[in-house]
Amino acid sequence: MTAADVLLVTLWIGLTLYALLGGADFGAGLWDLLAGGAERGRPQRDLIEHSIGPVWEANHVWLIFVITLFWTAFPEAFAPFAATLYIPLTLAALGIIARGAAFAFRKAIEELWLRRVFGAAFAFSSVVTPFFLGTIAGAVASARVPPGIGAGDIVASWWNPTSVTTGVLAVGACAYLAAVYLCADARRAGDEELAEAFRVRALATGVLVGAATVAAPLVVRVDAPGLVAGLTGRALPLAVLSVVAGAASLGLLAARRYVPVRITAALAVAAVIWGWGIAQYPTMLPGLTVAAAAGDPAVLVAVLWVLGIGSVLLVPSLVFLFLLFQRERAAG
């Protein structure tokens, strides 16, 4: 395995962590939108704010990590990627900014109408941001980002059946993960009624997202046959793993096993992400392999050293943050 391969695997780990952690934050925003009126929805919104408050900003570390590693280690792929997809990239960035600002201001505002305005902005941004991130993934997966700056279509590259399907699935997966995670948080807080409410939402969302994921190849097969061939070829074991983990998650939700279902739900989503990567490897963009897209070998080695040293500090800090928050929630 070359240095470029190691960095690509590391990048994919960061992408997976962002999908599982940051994605759940986005999904929580959707449930915030659907919680109901000010009084009826207050318990759900309080739980959502408490669950994502201490860690939601930390989750964006993974997105920053992925983008930085992408342009540093694979500049030949990053340049056309950014040039072709600057519209959805900009819209996703604006959504992240608007979401963070609205979340912060809503907690500091006393007037009900302003809280509703910021709440709507928070919820809307939580839906459109994963959608645009999903369209970006769909553009790359369907080979619509050609090498060369200015060579790609800045609209059709991300607004097409595959990208739209991927965007919708991204929103659904975020909502599903959020509902699953919030079940355990509600039980830890001693609110079984709230845990039950999120369990029902997780079951319904899981069935819908699972059905959509199974049906998606029918759309993608016509629009991006190469992607489907990869997913049904060497990436097939991961596709099967995703289906099995998804079915296990529904069974665990039905049995109200809220802790183990976090693992199986995350595994179902992660298997799809890694299945895409394996299906596309070693191609990063059409006609551009991992080796061809990689930067100078000296730069790659330096990045590996920086990653190794940085992970010693970052990973334990993030783990401690999550564990500390979970224990504080239990004690409360």
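**Cysteines, helices and aromatic pairs in a predicted model**

Good morning. Cysteine 174 is buried, with a relative accessible area of 9%.

How many disulfides does the count give? The count is zero. A disulfide is a covalent bond between the sulfur atoms of two cysteines. For cysteine 174, the closest cysteine sulfur belongs to cysteine 183 and lies 16 Å away, which is too far for a bond. The cut-off applied to a pair of sulfur atoms is 2.5 Å. Seen from cysteine 183, the closest cysteine sulfur is that of cysteine 174, again at 16 Å and too far for a bond. Cysteine 183 also counts as buried, at 0% relative accessibility.

I turn next to the annotated segments. The unreviewed UniProt entry places the feature "transmembrane region" at residues 6-34, 86-105, 117-143, 163-182, 202-220, 235-254, 261-279 and 299-325. What does the model show over two of these ranges? Residues 6-34 are 97% helix and 0% strand, with the end C-alpha atoms 42 Å apart. For residues 117-143 the figures are 93% helix and 0% strand, and the end C-alpha atoms are 39 Å apart.

Helix H5 covers residues 86-108. Which residues of H5 are buried? They are Pro88, Ala92, Gly95, Ile96, Arg99, Gly100, Ala102, Phe103 and Arg106. As background, an α-helix has 3.6 residues a turn, so residues three or four places apart point the same way.

My last topic is the aromatic residues. Across the whole structure, the search finds 13 aromatic pairs. One of them joins phenylalanine 132 and tryptophan 158 in an edge-to-face arrangement, 6.0 Å centre to centre, with 70 degrees between the planes. This pair links distant parts of the chain, its members being 26 residues apart. Phenylalanine 132 sits in helix H6, residues 112-141, whereas tryptophan 158 lies in the loop between H6 and helix H7, residues 161-188. Are these two residues buried or exposed? Phenylalanine 132 is buried, at a relative accessible area of 14%, and tryptophan 158 is buried as well, at 9%.

Elsewhere, ring pairs link Phe70, Trp71, Phe78 and Phe81 into a cluster. That concludes my presentation. Thank you.

Notes
Residues numbered from 1 in each chain as written. Predicted model: local features only at pLDDT ≥ 70, side-chain atom pairs only at ≥ 80, totals over all residues. Heavy atoms only, no water. Phe/Tyr/Trp six-rings, centres within 6.5 Å; stacked < 30°, edge-to-face > 60°. Helix = DSSP H or I, 4+ residues; strand = E, 2+ residues; numbered from the N terminus. Buried < 20%, exposed > 50% of the residue type's maximum accessible area, 1.4 Å probe, protein only. UniProt positions renumbered as here; feature names shortened; annotations may be inferred. Expected span 1.5 Å × (residues − 1).
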